[in-house]
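Me: I want a close look at one part of this entry, the place where the two chains meet. Please go on from there to whatever sits behind it.

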Amino acid sequence: MQPARTDTTVSPLATAVARFGARIKGLGPVLGLLSLCIAGTLLNGDFATLDNLMNVLTRTAFIGIIAVGMTFVIISGGIDLSVGSMAALIAGCMIYFMNALAQGAGGNLAPITMLVLGIAMALILGAGFGLMHGLLISKGNIEPFIVTLGTLGIFRAVLTYLADGGALTLDATLSELYSPVYYTSVLGAPIPIWIFLFVAAAGAVILNRTTFGRHVQAIGSNEQVARYAAINVDRVKIATYMLLGVCVGIATVLYVPRLGSATPTTGLLWELEAIAAVVVVGTALKGGEGRIVGTVIGAILLSVISNILNLTSIISVYLNAAVQGVVIIAVAFLQRGRK
Amino acid sequence: MQAWALPSAQAQAAEKLVVGVAIPTATHSFTSGIVWWANQAKAELEKAHPGLKIIVKTAATAPEQANQLQDMLTVNKINTLVIFPIESASLTQPVAQVKNKGVYVTVVDRGLTNTQSQDAYIAGDNTAFGKLPAEYLAKSLNGKGNIVVLRGMPTTLDNERYDAFSAVMKGHPEIKVLDAKYGNWNRDDAFKVMQDYLTRFKQIDAVWAADDDMAIGVQKAIAQAKRTDIKQVFGGAGAKGAVKKIMDGSDPLIVADVSYSPKFMYDAIKLTTEARLKGDKLPANTIIPSVLITRENAKQFYFPNSPF
């Protein structure tokens, strides 16, 4: 009688409170982002304009898309340090290839066909590099940190070689044809934002609603147990790196039309931004747990900080990186309740 | 210590002269220009002076460069060093060690913190790099208007340029420098900073992008925002793409530039080697002047084969 009574009277309230508490905790990053936006508006009235928000979201798209792929790799317990260099190399190869087509190797191909071939090449290269990482890590049994630290150097060096140290610039006609991919708006939002949304939604579905997604989380929680549960650990791992590679390919496809060129500084430190976007809002760096929504918010948070710093001139420019660091640590601190 | 000051027949000296060249790795177009010009100097000088040996080493970080100095001294037995130090302070001691072994040292561009460690110093003119654009912009705006500035990376070199620019602007009270932020000599960063400037300031007359690479990102941001108030984007360093635009008059926004060519690496190696072959010394300081590039003289600054 007694236990039953407490169950019926206290429990609904307690669970409601607990659920509310959990929700508040889950809302932490959103609240963080909101308060940052309010601060931005107070500091500069132009912050809240539609144009500025579009700028911020569009520039978030590259890192955001890569970070969605990175979420899978990190949840499975891995890491990829090479994504910035990989993006630069893919951009370089893509431009090199399309220029070659335009300068005669393509025969009588229509410019739009050359463009489509270039885009296809970017995605295939991304998947290929991912496959290579996955094989070295799973079959070769090398730490992901080491493998991708190695390719970080290789990718950028090859790009520098291809570009002869300077810049690889896309053929003018192709560049004109291609630039709308970055600069055109559909239903009021630039294309990169739509692609980012699509990639994030697809990522969330794959992570939460598919067997593959559950396997990724299982491997990250405990690889041995996952093996005993007859999960093909190697195959899942390879797939996460390929997924990330394709994400890098997609980001590059959106990046190239922006400036129409690749240089040895393209994508510098993107790996850190992508990893920060993933972990700042709750995905555990040790794997096993994480959410795509968190990654999206994390990526937006990072670009909003630098946007606000650019829109104001209160703090010495020497301290920009310090302000960014403080906000990142503060948000992570608010998240500390989660595992 | 003064073994190299001994006057000797050129051919004889050439047999013994081993020049070590320590420069940064090609991580962006300017440093790739440095590498290209260094190799150009090596090829030309070795051809002109049989027996002369020039060893070019590139390094990505200061510790790596310090290691290379040791290797060049002990393995390659260099007796002349031309170094573009990756960092001023951290290379001062390693270079001093080399000089103490009797090697003749020419330092290029980034100075050491103690000039005792060098025999000669050759550099581009960072003051002119900031002063010339300021004067040119002030003149073309008729002393009135709004300017935004993109700086490079937080370094003393960038401070020197920015201070020179600001000093000129002090004499033009009707020109307002709206803000100056770091674009890190990078196109992508410059694009973002410029986007934010465009959001923030409704009327901008000119941009001092302080680097030709950054000017490209700036122009893309202007084009995207469809802004027509900006009359001029002044880059810097004289990259071949920018010089070509000035030469052809093909871009209404890019009409002038200031030279800061990585060719000074070539000049430094050539001056040092030729002086050493004759047994001469270089003057303690040589400044390779930064010159205003306009349509009239652009041809002299156009090197189509260089990556920069």
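Which residue of chain B does the side chain of Arg59(A) meet in a salt bridge, and at what N to O distance?

Reply: The partner is Asp196(B), and the N to O distance is 2.9 Å. A salt bridge here is a side-chain nitrogen of Lys or Arg within 4 Å of a carboxyl oxygen of Asp or Glu.

First, the ground rules. This is a predicted model, in which local features need pLDDT of at least 70 and side-chain atom pairs count only at pLDDT 80 or more, while totals for chains, interfaces and linings use all residues. Residues are numbered from 1 along each chain as its sequence is written, chains are lettered from A and ligands numbered from 1 in the order in which they are written, and side-chain values use heavy atoms, with hydrogens and water left out.

Now the interface. 27 residues of chain B are in contact (heavy atoms within 4.5 Å) with 31 residues of chain A. About 2,600 Å² is buried between the chains, and carbon and sulfur atoms give 49% of that area. Buried area is the accessible area (1.4 Å probe) that two parts lose on being put together, summed over both. The rule finds two salt bridges across this interface. It also finds 14 residue pairs in polar contact, both residues at pLDDT 80 or more. The largest share, nine residues, comes from α7(B). By type, chain B's side has seven nonpolar, ten polar and ten charged residues.

Some terms need their cut-offs. A polar contact is a pair of N or O atoms within 3.5 Å; within protein, one must be able to donate a hydrogen and the other to accept it, and residues adjacent in sequence count only if both atoms are side-chain atoms. Helices (H or I, at least four residues) and strands (E, at least two) are DSSP runs, numbered from the N terminus. Ala, Val, Leu, Ile, Met, Phe, Trp, Tyr, Cys and Pro count as nonpolar, Asp, Glu, Lys and Arg as charged, and the others, Gly among them, as polar.

Next, the core. The largest nonpolar core has 169 residues, and Met194(B), Val207(B), Val233(B) and Met265(B) have the most contacts inside it. Helix α2 (residues 50-75) of chain A gives the most to this core, with 13 residues. Beyond its neighbours within four places in sequence, Met194(B) is in contact with Val148(B), Leu150(B), Ile204(B), Val207(B), Val218(B), Ala221(B), Ile222(B) and Ile230(B). Apart from this core lies another, of 20 residues, including Ile55(B), Leu73(B), Val98(B) and Leu112(B). Such a core is a set of buried Ala, Val, Leu, Ile, Met, Phe, Trp, Tyr and Cys residues joined through side-chain atoms within 4.5 Å. Buried means under 20% relative accessible area, exposed over 50%, and partly exposed in between (1.4 Å probe, protein chains only).

Gln118(B) sits in the loop between β4 (104-108) and β5 (120-124) of chain B. It counts as buried because its relative accessibility is 11%. Leaving aside neighbours within four places in sequence, Gln118(B) is in contact with Lys99(B), Val105(B), Val107(B) and Leu112(B).

Asp179(B) pairs with Lys181(B), the closest N and O atoms being 3.6 Å apart. Asp179(B) is buried at 11% relative accessible area, and Lys181(B) is buried at 2%.

Last, chain A. Glu223(A), Arg227(A) and Lys237(A) are linked in a network of salt bridges. The Arg227(A) to Glu223(A) bridge has its closest N and O atoms 2.8 Å apart. These two residues are four apart in helix α10 (residues 223-228) of chain A, so about one helical turn separates them. The Lys237(A) to Glu223(A) bridge is 3.2 Å, N to O. This pair links distant parts of the chain, 14 residues apart, with Lys237(A) in helix α11 (residues 233-259). Lys237(A) is buried at 15%, whereas Glu223(A) is partly exposed at 26%. Arg227(A) is partly exposed at 37%. Over all chains the count comes to 14 salt bridges.
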